[in-house]
Structure formats: structure tokens, C-alpha cells
Amino acid sequence: MNDKIVMPVWTIGLFIVVMNTTMFNVSIPSIIQDLNITADLGSWVISSYSIGYALSTVIYSRLSDVVQIRKLLTVGLIVLGLSSVFGLFATEFHTLLAARILQSAGAGVMAGLGLVLASRYIPIERRGSAIAMISAGSAMAFGLGPIVGGLISEYFGWNGLFAITCLVLVILPILLRLLPKEQPVPFRFDMLGALLTVVNAATLLLAVTQISGVWLAISSLSFGLHVWHLRRSSDTFINPVLLANPAFRKLVVIGFCILFLNLGNLFLMPLVLAKVFHQSAMTIGLTIAPGAILSAFLTRFVGRWIDQFGNLRFLLIGHGVLSLVMIAFSIWLGASPLVVMIGYLCFSPAFSATIASLNNETSRILPKHLIGSGMGLMQLIQFFGGSMSVAICGILLEIQRNTSLLQSYKHVYGLLIVVGLCSFGMLLWYGLSRIRTGAEDGSAAN
């Protein structure tokens with residue numbers, strides 16, 4: 001496989017898919033107003049896509065161990081394209097939500113298989129650069145999405161956002177021509193395990209968003225059934241060997257927290273700019289864009305630095321910057337839109353470097369036969385963290401209706417600070433464990 005051609009093309013596709021999240025972020029105020037819904041209900045436009053995206057990501061990644069990547073890519077992009085056409089004609093909340101969920105069922109193919117492709121076919125000495133390119137594409141989409149979304153929403157309405165995602169169908173024949181042809185492998189797909197994974201994620205998200213004890217009980221029951229299924233079955237959808245790996249467990253917690261910070265921040269910034277500073281959708285996009293552009297510019301350097309200096313150093317630096325930006329927002333958020341712009345100028349490159357280092361570190365600790373299932377589970381946890389973040393932020397804003405707008409946003413950023421610090425603590429624990437393991441290996445060798 002010629003990765004110098006395949007990975008840039010793949011990154012373009014991933015850029016379009018990820019931008020499908022942030023395009024809608026700036027349109028949430030308009031959607032809430034046009035459809036006459038509450039902020040917590042409006043957050044489902046983002047969180048439903050994120051959780052569906054996460055679930056489909058792990059499904060595609062798991063299937064990639066036994067099904068050709070070319071076939072999975074074809075199915076995913078066709079589902080995404082057709083659901084985007086359906087979304088063009090959505091006129092009420094339920095049809096909009098259905099279109100977003102259907103989109104997410106296909107969208108996960110780009111994120112899920114991109115890391116599998118890099119981990120499987122690119123040598124370790126160049127893998128950091130390839131994964132950094134994918135991460136930078138995501139980071140740039142997170143930032144440029146608001147510009148594109150604001151521009152389209154202002155002149156064509158939020159329905160027009162669905163037209164952009166149809167562009168993934170253009171790159172499908174190009175990738176099918178470039179991707180390596182793999183031999184099919186006989187397999188038994190764990191349908192019950194996949195169904196239980198979907199139910200686990202959906203019921204837990206519902207329990208949080210609805211603040212419901214009933215849904216929490218149902219979620220707990222579904223997790224109990226899943227544990228029982230893992231113990232009695234072989235070749236399960238979620239590989240229990242991964243969960244038995246302490247290093248992997250620490251990394252997935254860090255991944256959860258990083259996406260919690262990123263999607264929570266991307267949900268809050270447009271609302272702050274719209275409600276506190278009364279900016280239009282297009283102006284909001286232009287305020288957020290410089291951070292994404294800077295992140296994309298730094299991609300070539302970040303990938304090279306990760307390969308040269310290692311993952312742990314960039315994880316530590318990135319976590320520090322992300323936490324400092326959250327603290328700055330909680331203190332100076334109402335001073336000026338420039339605070340948001342400058343904060344995201346620091347936040348976006350830090351997020352890009354952090355997620356690239358995390359994914360590269362995950363691929364490093366996994367044996368080759370577990371890369372597909374491991375990277376898929378990692379991305380499932382990451383995007384579930386993002387879904388939970390958006391849902392929780394929406395709820396916290398809704399229950400603070402008697403608090404001033406600015407103070408309510410600052411309170412929610414306080415939650416993001418706590419999450420960032422917890423992630424930093426988990427990273428330090430992981431780093432110490434890695435150092436200790438290395439020391440023990442060295443003593444054993446001696």
C-alpha cells in the first residue's frame with residue numbers, strides 16, 4: 001500500500017465525516033429556535049451522532065479483523081451518503097434525529113478503519129506521522145466545521161449541512177482503487193455481543209440525559225448481561241483480553257476524558273459566542289477557525305516529533321495545555337470573544353497532538369492480532385466520552401436557567417477542569433507504571 005497517497009485521501013474523507021459533528025454545533029441555537037425545543041433536547045443532535053459514530057466505529061474495527069476493509073468502506077460510505085440525502089428534507093426534530101443516527105451508522109467506518117489501516121500496513125517508524133495526519137484531519141474538521149456550518153446555515157439553513165457529507169461518495173472509488181486487496185477470513189460474528197454493546201451505551205446515555213433511575217437500572221442490567229456473556233462465550237465482540245490489560249484500561253480512561261473535554265468545549269463555545277456576545281453562525285465559525293488552521297499547519301511537525309521523542313512526552317504537554325485553557329475559560333470567558341479565539345488557538349493543536357500520541361501509544365502496546373478490536377474499543381470509549389460530555393453540558397445549562405448565562409457557562413467549564421485534571425492524574429499513573437515495567441524488564445534481563 002502506498003501510504004503517502006492513501007493516508008492523505010483517507011484523511012480528507014475523515015475530515016468530512018468529523019466536520020459533520022462540528023458543522024451542527026454552530027447551528028444548535030438555530031435548530032433550537034426553529035424547532036422550538038430545549039437546549040438539552042437540542043444537544044441530542046450532537047450526542048446521538050457521537051454515540052452512533054462511536055458504536056459504528058468499534059463495529060467496523062472489529063469486523064476488519066475478518067472482513068475486507070474495502071467491503072466495509074463501501075457499506076459505510078453508502079449508508080452515510082443515503083442518510084445525508086434523507087436529512088436534506090428533515091423538517092421536524094424526530095426526522096432530524098433519525099437522519100443523524102443513520103449518518104452515524106455509516107460515518108464510523110472512516111474513523112474505525114483509518115487507525116486499523118495505519119496500524120496494519122504502515123511500519124512503526126512512520127506510523128506516528130500517519131496517525132498524526134489522521135488526528136490533525138479530525139482536529140481541523142473540529143475547528144473548520146463551524147465556519148462551513150455557519151456559512152451554510154446562514155445562507156441555506158441547517159438542512160443544507162447534510163449536502164456536505166454527500167461528498168464522501170466522491171472519494172469512495174478513489175480509495176477502492178488504492179486500498180490493498182485482502183483475503184477473506186472465515187469468522188463467526190458475535191451478534192449478541194454487538195447488540196449488548198449498543199444497549200450498554202444507549203441506556204447509560206439515556207440514564208444520564210434523562211436523570212432516570214429506571215434507565216440506570218436497565219443499563220446496569222445490560223452491563224451485567226454483557227459480563228455474563230463475556231465469561232461464557234469465546235471470540236466475543238468486546239475482546240476480554242483487552243480489558244485484562246491494565247495499560248490499555250488506563251489509556252481508554254484517558255481517551256474518554258480527552259474527548260469529553262474536546263466535544264464539551266466545542267458544544268459550549270458556539271453557545272457562549274451566540275448567547276453572550278450575540279455573534280452570528282458565520283462569525284462564530286470565523287472565531288473558532290484559527291485554532292483548527294494552526295493545528296493543521298503543525299501536523300507535519302507533530303507527527304515527526306512524536307516519532308522522534310515518544311508518545312508520553314506529548315501526552316503530558318497536551319494535557320497540561322488543555323487543562324490550562326479550561327481554567328482560563330472559567331475565569332475570563334466573558335471578557336471578550338478574543339478569549340475564546342486565543343483559547344482555541346492553544347486548545348486545538350494540544351488536542352490534536354494528545355489524541356495522536358494516545359492512539360499511537362495504544363497501537364504500540366497492542367499485539368498485531370488485537371489491533372482491530374483494540375483500536376475500535378478505544379474509539380468507542382473516546383466518542384462515548386464526547387457524547388456524555390455534550391449531554392451532560394446540555395443538562396447542566398438547562399438546570400441553571402435561573403443563573404446568569406455567563407455564570408452558568410463558567411460552572412460547566414468548571415466540570416471540564418475536573419475531568420481534565422482526572423485525565424492528567426491517570427496519565428501520570430500510566431507513565432509511572434510504564435517506567436516501573438521497564439525497570440522490572442531491565443532487572444529481569446540483567
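This is a predicted model: local features need pLDDT of at least 70, side-chain atom pairs count only at pLDDT 80 or more; totals for chains, interfaces and linings use all residues.
Reader: How many residues does the largest nonpolar core have, and which of them have the most contacts inside it?

Author: A nonpolar core is a set of buried Ala, Val, Leu, Ile, Met, Phe, Trp, Tyr and Cys residues joined through side-chain atoms within 4.5 Å; buried means under 20% relative accessible area, exposed over 50%, and partly exposed in between, with a 1.4 Å probe and protein chains only. Here the largest core has 133 residues, and those with the most contacts inside it are Trp10, Tyr53, Leu73, Leu96, Met110, Leu268 and Met326. Helix 13 (residues 246-275) gives the most to this core, with 18 residues; helices are DSSP runs of H or I, at least four residues long, numbered from the N terminus. A second, separate core of 6 residues includes Ala132, Ile306, Phe314 and Ala356.

Reader: Is Leu377 buried or exposed, and which residues does Leu377 touch?

Author: Leu377, placed in helix 18 (residues 371-399), counts as buried because its relative accessibility is 7%. Leaving aside residues up to four places away in sequence, Leu377 touches Val58, Ile238, Leu242, Leu243 and Phe248, where contact means heavy atoms within 4.5 Å.

Reader: How many aromatic pairs are there, and how is such a pair described?

Author: A pair of aromatic rings is described by the distance of the centres and the angle of the planes. Rings of Phe, Tyr and Trp (its six-membered ring) pair if their centres lie within 6.5 Å, with planes under 30 degrees apart counted as stacked, over 60 as edge-to-face and the rest as tilted. The structure holds 3 aromatic pairs; in one of them, Phe256 and Phe260 have ring centres 6.1 Å apart and planes at 35 degrees, so the pair is tilted. Both residues lie in helix 13, 4 residues apart, about one turn of the helix. Phe329 and Tyr413, with ring centres 5.3 Å apart and planes at 70 degrees, therefore form an edge-to-face pair, and both are buried.

Methods: Residues are numbered from 1 along each chain as its sequence is written. Side-chain values use heavy atoms; hydrogens and water are left out. Helices (H or I, at least four residues) and strands (E, at least two) are DSSP runs, numbered from the N terminus.
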